[in-house]
Amino acid sequence: FKLVAASFKLSYYNEYKSYLSSGRMNGFQTCCGEFVRIILFALNFIFWVAGGTILGVGVYVKISVGKLDDVDVSENTLNTSSYILIGLGCIIFIIGMLGCCGALTQQKCMLLLYFALVTVVFLGEVCIAIAIYAKKDKVNDTLRNAYKSCMDDYNTKGKNGTICTDTIDTFQSVLKCCGMNSSSDWKNRTDFAKAPPKTCCKDKDKCTYDTAWTEGCYVKIDHFVSSNSKYIAIGCLVIAAIELLGMSFACYLRTYILKRESYEAYTV
């Protein structure tokens with residue numbers, strides 16, 4: 001029995017040694033590598049198109065700021081939004097392009113750069129999420145104080161007054177709210193003792209406290225976040241899962257290419 005076992009081991013070793021010297025990968029390894037390459041390309045192609053779309057929208061908003069008269073958003077807010085969209089679009093576009101090109105051309109350096117960028121973005125998101133969760137009460141108080149300070153600077157001169165006016169007008173027009181907690185918050189201002197800002201009403205020409213929206217902007221935002229926290233959490237988890245999937249596929253594909261090159265000559 002020992003002799004048969006030793007003979008079997010020797011035969012298996014010789015077959016394995018012959019397989020290594022043949023310079024070929026088995027069909028399962030090749031199938032897995034090509035499958036991961038296709039999935040990585042498809043996944044990043046979607047991000048590439050999405051990034052290009054966001055970038056295009058940002059550029060369009062920036063160019064057409066003066067022509068968007070039907071939008072209840074101030075010009076400064078549109079400018080700021082366009083810069084955010086352009087920046088976000090560029091990041092997604094570049095990462096998607098690296099993933100597509102890396103999967104298509106099977107360039108190890110490109111896959112490594114893609115892996116590094118996605119890792120940096122993922123770790124940044126995790127750090128921000130942890131910081132916000134750990135100091136959520138402090139963040140909440142800071143936002144409330146910032147909004148209250150902005151209400152005090154509303155319609156005042158200077159850069160800060162202009163930014164605050166545009167921000168509050170945008171919130172009140174888009175969210176259909178008034179003040180921070182309620183429309184009566186504006187009564188603390190002597191210049192709004194009789195009537196709130198025009199953006200508090202649907203009919204801006206006849207805006208009074210009787211016709212103004214009663215719900216405050218901060219209360220409305222807080223209620224929206226609280227009532228949709230489950231969906232927000234699911235969305236964040238889906239984004240994190242996609243990023244982890246992209247990192248895993250890029251790492252696997254790079255390992256597959258390195259292993260294939262150790263078996264046989266590189267072929268596209």
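The report below treats the overall fold, helix packing, aromatic rings and individual residues in turn.

## Basis of the model

This is a predicted model, in which local features need pLDDT of at least 70 and side-chain atom pairs count only at pLDDT 80 or more, whereas totals for chains, interfaces and linings use all residues. Residues are numbered from 1 along each chain as its sequence is written, and side-chain values use heavy atoms, with hydrogens and water left out.

## Overall fold

The chain contains eight helices and zero strands; helices (H or I, at least four residues) and strands (E, at least two) are DSSP runs numbered from the N terminus. Along the sequence the pattern reads α-α-α-α-α-α-α-α. Of the 268 residues in the chain, 28% are buried. Here buried means under 20% relative accessible area, exposed means over 50%, and partly exposed lies in between (1.4 Å probe, protein chains only). Among contacts in the chain with a separation of 6 or more, 67% come from residues 24 or more positions apart, a contact being heavy atoms within 4.5 Å.

## Helix packing

Two helix pairs are set out in the table. Axes are lines fitted to C-alpha atoms, for helices over the stretch in contact, and angles run from 0 to 180 degrees between N-to-C directions.

| Helix pair | Angle | Axis distance |
|---|---|---|
| α3 (residues 75-105) and α4 (residues 108-134) | about 150° | 8 Å |
| α5 (residues 136-152) and α6 (residues 159-175) | about 110° | 9 Å |

With that angle, α5 is roughly perpendicular to α6. Helices α3 and α4, in turn, are roughly antiparallel to each other. For these terms, angles under 35 degrees count as roughly parallel, over 145 as roughly antiparallel, 65 to 115 as roughly perpendicular and the rest as oblique.

The crossing of α3 and α4 is left-handed, and the crossing of α5 and α6 is left-handed as well. A crossing is left-handed if the near helix is turned anticlockwise from the far one by less than a right angle, and right-handed if clockwise.

At the α3–α4 contact, Ile-95, Leu-98, Gly-99, Cys-101, Gly-102 and Ala-103 of α3 meet residues of α4 that include Met-110, Leu-111, Tyr-114 and Val-121. At the α5–α6 contact, Tyr-147, Cys-150 and Met-151 of α5 meet Cys-164, Ile-168 and Phe-171 of α6.

Gln-106 is in the loop between α3 and α4; its phi is about 60° although it is not a glycine. Asn-155 is in the loop between α5 and α6, with phi near 65°. Gln-106 is buried at 3% relative accessibility, whereas Asn-155 is exposed at 51%.

## Aromatic rings

Rings of Phe, Tyr and Trp (its six-membered ring) pair if their centres lie within 6.5 Å; planes under 30 degrees apart count as stacked, over 60 as edge-to-face and the rest as tilted. This rule gives seven aromatic pairs. Phe-41 and Phe-45 form a stacked pair, because their ring centres are 6.1 Å apart and their planes lie at 25°. Both residues belong to helix α2 (residues 27-63), four residues apart, about one turn of the helix. Phe-41 is partly exposed at 30% relative accessibility, and Phe-45 is partly exposed at 37%. Ring pairs also link Phe-41, Phe-45, Trp-48 and Phe-93 into a cluster.

A charge sits over a ring if NZ of Lys or CZ of Arg is within 6 Å of the ring centre and within 35 degrees of the ring normal. Lys-187 lies over the face of Tyr-209, at 5.0 Å from the ring centre.

Cys-178 is in the loop between α6 and α7 and is buried at 0% relative accessibility. Residues up to four places away in sequence aside, Cys-178 touches Gln-172, Ser-183, Trp-186, Pro-196, Cys-200, Trp-213, Glu-215, Gly-216 and Cys-217. Cys-178 and Glu-215 are 37 residues apart in sequence and 6.1 Å apart in space, C-alpha to C-alpha.

Glu-215 is also touched by Lys-220, as are Leu-175, Lys-176 and Cys-177, not counting residues up to four places away in sequence. Lys-220 lies in helix α7 (residues 217-227) and is partly exposed at 27% relative accessibility. Between Lys-220 and Lys-176 the C-alpha to C-alpha distance is 9.2 Å, with 44 residues separating them in sequence.
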